[in-house]
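Visitor: I am new to this structure. Please show me how to read it, feature by feature.

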Amino acid sequence: MAVVQLSRICKRYGSGGPVVVDNVDVTVGDGEFMVLLGPSGCGKSTTLRMIAGLETISSGTLSINGRTMNDVPAKDRDIAMVFQSYALYPHMTVAENLAFGLKRRRTPSAEVERRVREAAAMLGLIPYLDRKPQALSGGQRQRVALGRAMVREPMVFLFDEPLSNLDAALRVNTRNELIKQHHRLASTMIYVTHDQVEAMTMGTRICVMNGGRVAQVGKPLDVYWNPADTFVARFLGAPPMNLFTVPVSGGDRVRTAAIETALTRWSPAVLAPLAAGEVVLGVRAEDLHLSVEAAGAAAAGRIRGRVFAVEPLGAETLLAVETEGGTECTARLPRDTRARVGEVVDLFFRPDAAFLFDPRSTAAVPALSRPGGDPGRAGGVH
Amino acid sequence: MSADATLPPARGRGGFLASRTALAVVIAAYTAYTLGPFLWLATMSVRTTGEISADHYAWPRPFHWEQFRIAWVDSDFATYFWNSTIVVVAAVAAVTLVGAAAAHALARYRFRGNRIIYGILFSSIIFPPQITLISLYQILVDYGLYNSLLGLTLVYVSLQLPLTVYLLEGFFARIPQDLFDAAKMDGYGDIEIFRRIVLPIGMPAIATTLILNFIQLWNEFLFAVVLITDPDKRTLPIGIRAFMGDHFQDIGMIAAGVMISVVPVILAYVFFSEKLIRGMTAGAVK
């Protein structure tokens, strides 16, 4: 049980070297499953390794349960970590791998035995206890790595992209296993991934990182429906959110040859300064429809463009469209959608499903209401 | 699945058999080439010098087993054997421990001068060790270690250490960093990680250097003959040299002495080769 607090944490390699983690300010609550999410090189793994004690902290303060940990060696932090590469000791059996951390802490052998067997039973590893890692499959190895962390009963669990070496089916199973274990252990867990599906399904909160900085922290659906900027908007969601740089006309509308919508979620006071210039309008692929009826609103927004790709995925069809201005957008449509490449189509959306961003700062323009039309859109930003 | 399913296609089976046969012939020829001199030496070790002179390649008739007793007891081979054992085992142990620790430090820790130290070590491998003979002789004399087994041991350590560090550093550097990080997270410090992770995982490389060093030092002659003068401090290679006079060489006794000296080398190889080398690192990481 632990609260992990990162206060203005920075990581710089060398005196004049690049800053890879820049002023990260995040508090992970007791029993929380926090996911650090971001593209490669965004600093999420470095942040995790600083929490683990495997990287030094250039500046800022890391504390666990109020105790400053900056200078506490990794071995004394009472943190367990699951690595992307599994990092199982090849010369030890599964049982020895599981017990290795406990032995260091002079745990009585009966207790070691009990915890190892308990973890092995929970993870289905009993038949493999006497095997060496090279005799196990990828999924089994990952479970041993998870078990090795679990038997320690640490204050904090860290996961560094633990599923990325598994195949798709195994990844889903292991993901569910991890969720189950988090509910069972109720421990503080910090999980690094670049996979938004993992982040959305596992995290109680997610911390989206970009270029070494925290872009946004919040509950997964809050972040999804209230992205702080265009990076978060496009990083969460597959296909990514469609963005169009368009002028505001008439004070509360967007009207170009390709795109037309009312800006219903923003107050005139907010829109007034934008009226003279351009804004970035965002619409998620799942909010686009081929008819006004399907969009479910009489005053639907509209995007007109020429179809340049149709991707039938079985359960749904992705329609890639290029607007007159040359901007590409993608619509996620029902599986029975019929459209031909080269055809000009109108894609409709509810005006209250639109997002607005400042083209200079890329930050979201504050709205009066949440994006409507989806029950999952309720909730507060943290 | 039938047994045939695991075999190559019928058309390629003939070629497969032919290539396997050719390989077997080559291996047999090479074995005969390397084993032949050893067997010849073995037959000479149980023949007298007179018999060998009469017919170099004859089968022993009778077997003069007493030559081993004469070498061991009358020619003091027991003392030489013991001296060799002390010097070589101590030197190999020191080289292995110090070399492994140094290699681990060079492979794992970033510190100022790391690559310079590595470069100096590597450069010392390039030059023939004989050029250090005179300076080492002088150093041993200065420190009162000349004509002592301790002095010879230290010289052997200095001779073998660079290559050992070089070989082990290359292997240790390939041990995934995640294993060290995992051990740290499991609560282990640097020395414990070296002992519990690096040494066991590095055992194939350590076994290789151990065998190489043991064979090389067990057979080392030049430094031993220069740095040791007392007969009771001689090592085996110098002891064998005692059978060689200016005008007469006791070939039979030399062969018996060589046979005695070669036994530990064979034992070392048999003991350290397969068990320690097999599959130690497979499965460490994906």
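Visitor: What share of the contacts in chain B with a separation of 6 or more comes from residues 24 or more positions apart?

Guide: Two residues are in contact if their C-beta atoms, placed from the backbone, lie within 7 Å. In chain B, residues 24 or more positions apart account for 76% of the contacts with a separation of 6 or more. This is a predicted model, where local features need pLDDT of at least 70, side-chain atom pairs count only at pLDDT 80 or more, and totals for chains, interfaces and linings use all residues. Residues are numbered from 1 along each chain as its sequence is written, while chains are lettered from A and ligands numbered from 1 in the order in which they are written.

Visitor: How many helices and strands are there in chain B?

Guide: Helices (H or I, at least four residues) and strands (E, at least two) are DSSP runs, numbered from the N terminus. Chain B has 14 helices and zero strands.

Visitor: What percentage of the residues of chain B count as buried?

Guide: A residue is buried if 20 or more other C-beta atoms lie within 10 Å of its own, exposed if 12 or fewer, and partly exposed in between; the C-beta atoms are placed from the backbone. Of the 286 residues of chain B, 34% count as buried.

Visitor: Which residues have the most contacts inside the largest nonpolar core?

Guide: In soluble globular proteins, nonpolar side chains tend to be buried together. A nonpolar core is a set of buried Ala, Val, Leu, Ile, Met, Phe, Trp, Tyr and Cys residues joined through C-beta atoms within 7 Å. The largest one here has 154 residues, and A:V35, A:L158, A:I190, A:C207 and A:L281 have the most contacts inside it. Helix 7 (residues 149–172) of chain B gives the largest share of this core, 11 residues. Domain 1 (4–225) and domain 2 (240–377) of chain A both contribute residues, so the core lies between them. Those domain bounds come from an automatic or database domain assignment.

Visitor: What is A:V35 in contact with?

Guide: Leave aside its neighbours within four places in sequence. The contacts of A:V35 then include A:Y191, A:T193, A:M202 and A:C207.

Visitor: What is the strand order in the open sheet of chain A?

Guide: Strands of a sheet pair through backbone hydrogen bonds, either parallel or antiparallel. Two strands count as paired if DSSP finds at least two bridges between them. This open sheet has six strands in the order 6-7-8-3-9-10, with mixed pairing. Its edge strands are strand 6 (79–82) and strand 10 (213–218) of chain A, each pairing on one side only. Strand 6 of chain A pairs with strand 7 (residues 156–160) of chain A in the parallel sense, over four bridges. There, A:M81 stands opposite A:L158.

Visitor: Is A:V82 buried or exposed?

Guide: A:V82 lies in strand 6 of chain A. It counts as buried because it has 25 C-beta neighbours inside 10 Å. Beyond its neighbours within four places in sequence, A:V82 is in contact with residues including A:A145, A:L146 and A:F159.

Visitor: How many residues of chain B are in contact with chain A?

Guide: 22 residues of chain B are in contact with 24 residues of chain A. On the side of chain B that touches chain A, helix 8 (177–185) and helix 9 (190–201) of chain B are the elements that give two or more residues. Helix 8 of chain B gives the most, with six residues.
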